[in-house]
Amino acid sequence: MKRRMRRNGKREIPSPLDLYKLLPRTNCKECGERNCIAFAAKLVNKDASIEECPPLLEKEYEEAKNKLWKLLKPPVKEVTIGTGNSAVKIGGEFVMHRHELAYINPTAIAIDVTDELPHGELLKRVKEVKDCTYTYLDQELKLDLIAVRSTSNDRARFKRAVEKVAENTVLPLVLCSFNPSVLKAGLTSISREKPLIYAATKDNWKDIAELALMYKCPLAVSAPNDLNLLRSITQTLIEYGVEDLVLDPGTDPNDGFLDTVNNFTTLRWMACREGDELLGFPLIGAPIAVWVNLERAPDVSKWCEASIASILVTRYADLLIMHTIDGWAMLPTMILRQNLYSDPRKPTGVEPGLRIFGEPDENSPVMFTTNFTLTYFTVSADIQSSDISNRCYLLVVDTQGVGVQSAAARASAAKGGLTADMIARAIKESGVEEKVKHRTLIIPGMAANLRYKIEDLTGWKVLVGPSSSAEIPDFIREHWYKERKS
Amino acid sequence: MEDEKKRKKAVIKFGPNACMHAKLMAQPSRIKPTKILEAAFTPPIVEYPGQIVEVKLGATKGEGGTRRKSIVIGGEKSLTFYDSRNPSPHPPVVSCDVFDMKIPLPKAIKMHIESVMEDPAAWAKRCVDKFGAEMITLQLTSIDPKMKDTPPKEAAKTVEEVLQAVDVPLAVGGCGNPVKDLAVFKEVSAVAEGERLLISSVSPWMDTKGAAETIKKHGHVALALSGMDMNEARELNRTLYSILPREQIVMDTSTASLGSGLEFTYTLMARIRLAALMGDYELQHPMSSGATNAWFARESWKKMAPQWEPRKLRGPLWETVTALTSLMAGVDYVMMMHPAAVRTVKDVIQRLMEKRVKKPEKTTDWISIRI
């Protein structure tokens with residue numbers, strides 16, 4: 001079967017007009033918007049939900065409301081694992097490519113423990129998961145779940161391990177076994193916390209489905225490298241009455257990796273483009289599968305696991321089960337998912353203007369950078385990293401959210417370019433000339449090409465700073481305090 | 001109208017199960033199934049109206065150069081690594097950066113090349129023989145008037161030395177100074193006539209047409225470098241079309257590192273490739289990415305809290321992830337440095353390009369393994 005690609009294929013994101021037709025069109029403003037078309041535009045962008053339109057809740061609009069709900073429903077169902085503040089939502093996705101809207105729920109990462117780990121080691125690992133946090137820009141990156149695997153296949157053991165983990169973490173759990181009675185033992189004590197049950201297969205699906213219904217927990221479906229079977233089990237489970245499913249098409253880190261990437265992509269395509277409801281569920285990837293091959297050196301396995309995790313983050317995995325917890329291997333995956341799941345519709349710039357660090361005086365350094373969010377947060381973190389630099393003035397120049405390197409390469413201010421003119425103006429407008437006695441400006445190394453123009457226009461002396469802001473403290477020590485004194 | 005009919009037909013073809021399911025769901029009382037309900041499906045093979053042009057890099061003796069073999073990139077008719085039934089015709093190529101002078105590099109990279117850092121020919125040879133580089137990008141950093149200001153003739157000599165040391169196709173990079181770069185490109189292009197070098201780069205902020213004339217005259221290929229902007233990239237290609245055939249243009253819209261704006265790079269590449277496949281003529285070129293830029297991100301080289309160490313592993317993994325992410329966006333030519341990163345990326349490419357029928361089911365049982 002062949003499909004000629006035309007616009008977005010079969011399932012398209014509705015336009016504001018499609019939605020407007022179904023709204024009351026009374027412009028009653030009860031939703032807080034100027035009129036119904038403005039509300040429709042917000043609905044399209046997921047900035048508002050249909051519950052915010054009170055008239056829609058009335059009986060006469062019931063049919064329209066149902067139609068709207070159908071139009072706005074994500075093609076990938078949103079599934080919640082856990083309860084309360086640390087509950088994790090996965091799926092809920094609308095698009096294949098983030099520029100078509102945005103990716104919604106960042107890929108959740110679960111770290112494994114087993115029911116055969118000695119008590120001390122188990123607790124240590126649970127703590128390591130909690131401690132694996134990293135401050136990036138203005139966000140706290142962290143790990144999301146703990147996957148308890150039954151390597152013993154022993155009910156009592158699994159039950160004890162699950163209880164122990166649950167007592168020592170607030171994170172939601174994934175209970176992993178193919179044995180229904182083992183899973184049941186684990187579920188009895190913590191089912192109220194809504195763990196994810198992993199997994200129903202072609203052999204055990206019936207017993208597992210009963211568990212999912214009895215304990216009202218989300219359920220994973222595993223059919224390694226067999227999408228037809230996966231779709232068939234899914235259909236069966238839905239008929240059985242299980243609603244919250246998560247699909248695992250299998251992760252083969254070795255010879256079958258092509259199939260793995262292919263399967264993930266096909267599943268998301270079928271959901272988002274073809275509107276296939278049976279495949280419209282979140283996807284599980286298992287980079288942990290690299291550890292099946294125990295002949296590799298541990299560092300090599302960790303490296304492979306991280307590489308595979310990064311590919312699966314770009315290729316639609318909504319939940320990853322991993323073994324590695326070493327920071328060097330986890331950090332790239334954690335940052336990658338933050339990057340790709342950031343909202344491309346949000347402006348990329350911070351407020352331009354003068355920022356003051358510490359308590360600078362009339363001899364303190366004056367520097368500039370651009371208002372690209374990433375650049376600004378990076379530069380300010382680096383300035384604050386050392387006492388020597390955390391006493392200065394930083395001019396944030398409005399490049400419409402473009403970074404230093406690309407801004408400096410553009411000749412005009414029209415499209416986020418950086419010009420000497422703009423810097424001269426920023427100096428004037430900031431009032432920094434009244435704050436310092438000197439007239440020396442440190443400029444980013446990436447903007448070195450503007451040096452002479454800035455000097456000509458402002459009369460300030462220009463000092464070309466480092467290309468990486470991480471070197472700002474050293475630079476100030478060497479070139480501001482030492483050199484200028486001598 | 002015609003389209004609408006076809007689409008409706010397609011719905012029926014694709015979703016019999018989905019329709020059936022909707023009906024069943026509507027029934028109030030449910031009979032629990034006792035065996036698996038078959039719900040097989042066939043995903044459509046997606047055809048796009050556009051195609052990426054094929055660009056040949058390097059030339060063999062028969063083709064007028066001295067390379068052992070030339071490499072073709074591009075030619076895609078569908079999204080890269082989206083559907084193995086509709087694969088890209090050529091694998092993406094990994095090229096290693098070699099500099100013509102000793103430059104400051106993170107320790108994790110330096111430890112692999114320290115002894116050859118002042119001999120670009122030996123450095124290139126190491127990249128090809130030891131690291132598995134499929135191409136070399138010779139960065140003529142020393143020509144920068146602010147560095148050594150190496151004259152064009154001397155820079156061209158370095159290019160010749162590297163051409164003699166290795167038999168893979170070569171890319172030649174300038175220093176970023178628009179005037180000096182052009183002067184050097186002229187000399188290098190003439191000296192290496194027929195080698196079909198990839199001249200890196202031709203940008204809007206230099207005498208674009210002058211560079212294109214030189215490249216055309218001596219039969220090389222332009223790496224068209226723009227800022228991270230789709231229209232800027234289009235404009236640049238349009239300028240080049242007045243002189244160069246499309247088969248002599250590779251495009252590069254600048255690569256930001258993981259953690260330093262990779263999402264912008266990733267999404268721009270994805271948008272460009274989609275637009276190209278949908279028929280945007282001015283974007284139908286193979287894409288290049290400087291994954292080496294990964295080393296600009298502080299997390300790749302900086303000493304951090306013990307929890308995130310050792311950086312000698314974190315750094316190359318940073319480069320690996322940056323490169324893999326651009327590959328997933330559709331990049332055809334990726335510039336790299338660290339040998340472990342090169343090996344991983346080549347390995348992934350090889351596995352994702354395998355031409356074979358689907359293997360039988362293979363369970364990877366990670367649930368019960370004792371690690």
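**Figure 1. The loop that holds A:Pro466 lies between strand E18 (461-464) and helix H17 (472-485) of chain A.** The model shown here and in the other views is predicted. A:Pro466 counts as partly exposed because 18 other C-beta atoms lie within 10 Å, whereas a buried residue has 20 or more. Leaving aside residues up to four places away in sequence, A:Pro466 touches A:Gly445, A:Glu471, A:Ile472 and A:Phe475. A:Ala447 is 19 residues from A:Pro466 in sequence, and the two C-alpha atoms are 9.9 Å apart.

**Figure 2. Five strands of chain A form an open sheet with mixed pairing.** The strand order is E14-E16-E15-E17-E18. Strand E14 (353-357) and E18 of chain A are the edge strands, each pairing on one side only. From one strand to the next, the twist averages 30°. Strand E17 (residues 440-443) of chain A runs parallel to E18(A), and four bridges join the two. Within this pair, A:Ile442 has A:Leu463 in E18(A) as its bridge partner. Helix H14 (residues 420-430) of chain A lies across E14, strand E15 (366-370) and strand E16 (392-397) of chain A. The helix H14 of chain A runs at about 125° to E16(A).

**Figure 3. An open sheet of eight strands in chain A has parallel pairing.** Its order is E11-E10-E9-E8-E7-E4-E13-E12. At the edges are strand E11 (245-248) and strand E12 (284-285) of chain A, each of which pairs on one side only. Helix H7 (residues 205-215) of chain A packs on the sheet and touches E9 and strand E10 (219-222) of chain A. The direction of this helix makes about 165° with that of E9(A).

**Figure 4. Strand E9 of chain A is joined by bridges to strand E8 of chain A and to E10(A).** Strands of a sheet pair through backbone hydrogen bonds, in either a parallel or an antiparallel manner. Strand E8 (residues 173-176) and strand E9 (residues 196-200) of chain A run parallel and share three bridges. A:Cys176 stands opposite A:Tyr198 in E9(A). E9(A) and E10(A) also run parallel, joined by two bridges. Here A:Ile197 stands opposite A:Leu219 in E10(A). Both faces of E10(A) are covered. A:Leu219 and A:Val221 are buried on one side, and A:Ala220 and A:Ser222 are buried on the other.

**Figure 5. Helix H8 of chain A is mostly covered, with 12 of its 14 residues buried.** From its first C-alpha to its last, H8(A) reaches 20 Å, close to the 20 Å expected at 1.5 Å a residue. The buried residues of H8(A) include A:Leu227, A:Leu229, A:Leu230, A:Ile233, A:Leu237 and A:Ile238. Also among them are A:Arg231, A:Ser232, A:Thr234, A:Gln235, A:Thr236 and A:Tyr240. A:Gly241 follows H8(A) and has a positive phi, near 115°.

**Figure 6. The contact between the two chains takes 80 residues from chain A and 81 residues from chain B.** Several elements give two or more residues to the side of chain A that touches chain B. They are strand E1 (2-4), helix H8 (227-240), helix H9 (257-272), helix H10 (298-314), helix H11 (327-341) and helix H13 (404-409) of chain A. By class, this side of chain A has 34 nonpolar, 26 polar and 20 charged residues.

Figure 7. Chain B has 12 helices and 11 strands, and 53% of its 371 residues count as buried.

Definitions and conventions: Residues are numbered from 1 along each chain as its sequence is written. Chains are lettered from A and ligands numbered from 1 in the order in which they are written. This is a predicted model: local features need pLDDT of at least 70, side-chain atom pairs count only at pLDDT 80 or more; totals for chains, interfaces and linings use all residues. Two residues are in contact if their C-beta atoms, placed from the backbone, lie within 7 Å. Ala, Val, Leu, Ile, Met, Phe, Trp, Tyr, Cys and Pro count as nonpolar, Asp, Glu, Lys and Arg as charged, and the others, Gly among them, as polar. Two strands pair if DSSP finds at least two bridges between them. Axes are lines fitted to C-alpha atoms, for helices over the stretch in contact, and angles run from 0 to 180 degrees between N-to-C directions. The expected span of a helix is 1.5 Å times one less than its number of residues.
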